[in-house]
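This briefing is meant for someone meeting the structure for the first time. Please look over the sequence and the model below before reading the notes that follow.

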Amino acid sequence: MNETGLQNLREHDYYELLAHLDEPEWPLRSVAPAIYQTSTFWSPDPDEFLEMATKPRHAAFYSRYGNPTIRSFENAVAGLEGADAALATASGMAAIVAAILTFAGQKKRVLAQSAIYGGTMGFLRNVAPRFGIDVDFFEQTDFANFAQALKPDTSLILLESPSNPLLRLTDISRIAAHAKANCEGVILVDSTISSPINQQPLSLGADLVMHSATKSLGGHSDITGGVLAGSSALITSVWQTSYLLGATLDPFAAWLALRGLRTLPMRVARHNQTAMEVAARLERSAKIRAVHYPGLPSHPQHDLAKRQMPNGSGGLLSFEVDGGLAAAETVMANLRIAHRSASFGSFSTLAVHPAAMWAGMMSEEQLKQSELPPGLIRLGVGFETPDAIASDIEAALERI
Ligand SMILES: Cc1ncc(COP(=O)(O)O)c(C=O)c1O
């Protein structure tokens, strides 16, 4: 149960929450929130100043520790996720790294699914071992493989559902129930691709949910940010690490993220519908070998998608072009509506060729292990019509 008293929010509640969450706070009764664009706060009173400096997560002491604009964004996300508290960070990666450095370390193992965002994988494989952090991996669609990989000293379980860029799902409630019975580990779900509108990991048994706010929470391709939500105790633990890492979100970015959040339900509903229509149409193309989208009845985990993401499957899909790397590059070069760009969840359609893009983040061997099909193209739909987006791709496919 969160500060708003809401647990599983219905559509009506989302609008109420986003419209009115922080109303009483704004000075001069401004309808839109104020931006506290300040690095620090002062007090004439030494006792008050001491309290500001020492109370964990004080929202008005020094902006690396916290800030009222950032807190407003955090409260809104906590409300949307049915959490007690949330912590905003400078990027999605900052949230992931702060959580790893909080809950893992020597003699504490991380267990992560093997199909996971390239940056997360890069940290786990290239940086974590330097700090004595042991990392195990499991195949997210194989429960037996998870159960086998879980160890009594697993202290952090990293899940991502749907996964980027193959849109594979992780059965969050099944994994969470088994983990709770067998270890003390914190279960963290990267829910960036589904957004809080489509999926509520905390209600499925996860301890922490994380988003790259750079994507649909911000929604306008104009900020870099991240956020974690969960119990006050866990969020305070991560804060103890993150404020020392300096992984704090900027107040102006928090203000933009809060503005983005207000229209999240409408934007996500549009993305859900558009991605579904585009995916269904691409599935009929003779030049496409496979379309990955959990909303399609052909997706191997479609039943899980209906259970776990009851409101829709999100705005991200991927498809494999016949002809591998070269054919995918030809399609990318001939897209006119979709821009070649490394993000999604925005107003305009963005496409990437992951095998080419992630080559910068991973070694050749790691790339091979990640099982990225060379002809895979990832598409984050925008607000263009489904027909315009699909026609653009079909025209590009003709150039192969
Ligand atoms: C699923 C997922 N998690 C985390 C991240 C990292 O977020 P950021 O780029 O905001 O650090 C991304 C970025 O693309 C992502 O797609």
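R71 is a buried residue, since its relative accessible area is 19% and buried means under 20% relative accessible area, exposed over 50% and partly exposed in between, computed with a 1.4 Å probe on the protein chains only. This is a predicted model, in which local features need pLDDT of at least 70 and side-chain atom pairs count only at pLDDT 80 or more, while totals for chains, interfaces and linings use all residues. Residues are numbered from 1 along each chain as its sequence is written, and side-chain values use heavy atoms, with hydrogens and water left out.

- R71 has its place in helix α3, residues 68–81, where helices (H or I, at least four residues) and strands (E, at least two) are DSSP runs numbered from the N terminus.
- The side chains of R71 and E74 are joined by a polar contact of 2.8 Å; such a contact is a pair of N or O atoms within 3.5 Å, and within protein one must be able to donate a hydrogen and the other to accept it, with residues adjacent in sequence counting only if both atoms are side-chain atoms.
- R29 lies in the loop between α1 (11–20) and α2 (46–54), and R29 counts as exposed because its relative accessibility is 79%.
- Although R29 and A275 are 246 residues apart along the chain, what the model shows between their C-alpha atoms is a separation of 40 Å.

**The ligand and its surroundings**

- The ligand takes up the space of the largest pocket; on a 1 Å grid over the protein atoms alone, a pocket is an open set of points with protein on both sides within 12 Å along at least five of seven lines, and a molecule sits in it if more than half of its atoms lie within 2 Å of its grid points.
- There are 13 residues around the ligand, of which M93, D190, S212, T214 and K215 come nearest, and a residue is counted here if one of its heavy atoms lies within 4 Å of the molecule.
- A polar atom in the side chain of D190 lies 2.6 Å from a nitrogen atom of the ligand.
- An oxygen atom of the ligand is 2.9 Å from an N or O atom in the side chain of N164, and a backbone N or O atom of G92 lies 2.9 Å from an oxygen atom of the ligand.
- On its own the ligand has 390 Å² of accessible area, and the protein covers 91% of it, with areas taken from the Shrake-Rupley method with a 1.4 Å probe.

- Helix α10 covers residues 251–262, and its 12 residues should span 16 Å at 1.5 Å a residue, which agrees with the 17 Å between its end C-alpha atoms; the expected span is 1.5 Å times one less than the number of residues.
- Because 9 of the 12 residues of α10 are buried, the helix is largely enclosed by the rest of the structure, and W255, L256 and L258 are among the buried residues.
- D250 caps the N-terminal end of α10, with a side-chain oxygen 3.0 Å from the backbone nitrogen of F252.
- Helix α11 covers residues 264–282, and its 19 residues should span 27 Å at 1.5 Å a residue, which agrees with the 26 Å between its end C-alpha atoms.
- The buried residues of α11 include R267, H271, N272 and A275.

**Backbone features in loops**

- The peptide bond from S161 to P162 is cis, with omega near -10°, and P162 has its place in the loop between β4 (154–160) and α7 (172–182).
- The peptide bond from N164 to P165 is also cis, with omega near 5°, and P165 is placed in the loop between β4 and α7.
- L167, which lies in the loop between β4 and α7, has a positive phi of about 55° although it is not a glycine, and L167 is buried because its relative accessible area is 0%.
- S221 is a residue other than glycine with a positive phi, near 50°; S221 is found in the loop between β6 (208–212) and β7 (226–230) and counts as partly exposed at 47% relative accessibility.

**T89 in strand β1**

- T89 lies in strand β1, residues 85–89, and counts as buried at 0% relative accessibility.
- A polar atom of the T89 side chain lies 2.9 Å from the backbone oxygen of S91, and the backbone nitrogen of A95 lies 3.5 Å from a polar atom of that side chain of T89.

Conventions: On a 1 Å grid over the protein atoms alone, a cavity is a set of points where a 1.4 Å probe fits but cannot get out, and a pocket is an open set with protein on both sides within 12 Å along at least five of seven lines; lining residues have an atom within 4 Å of a point.
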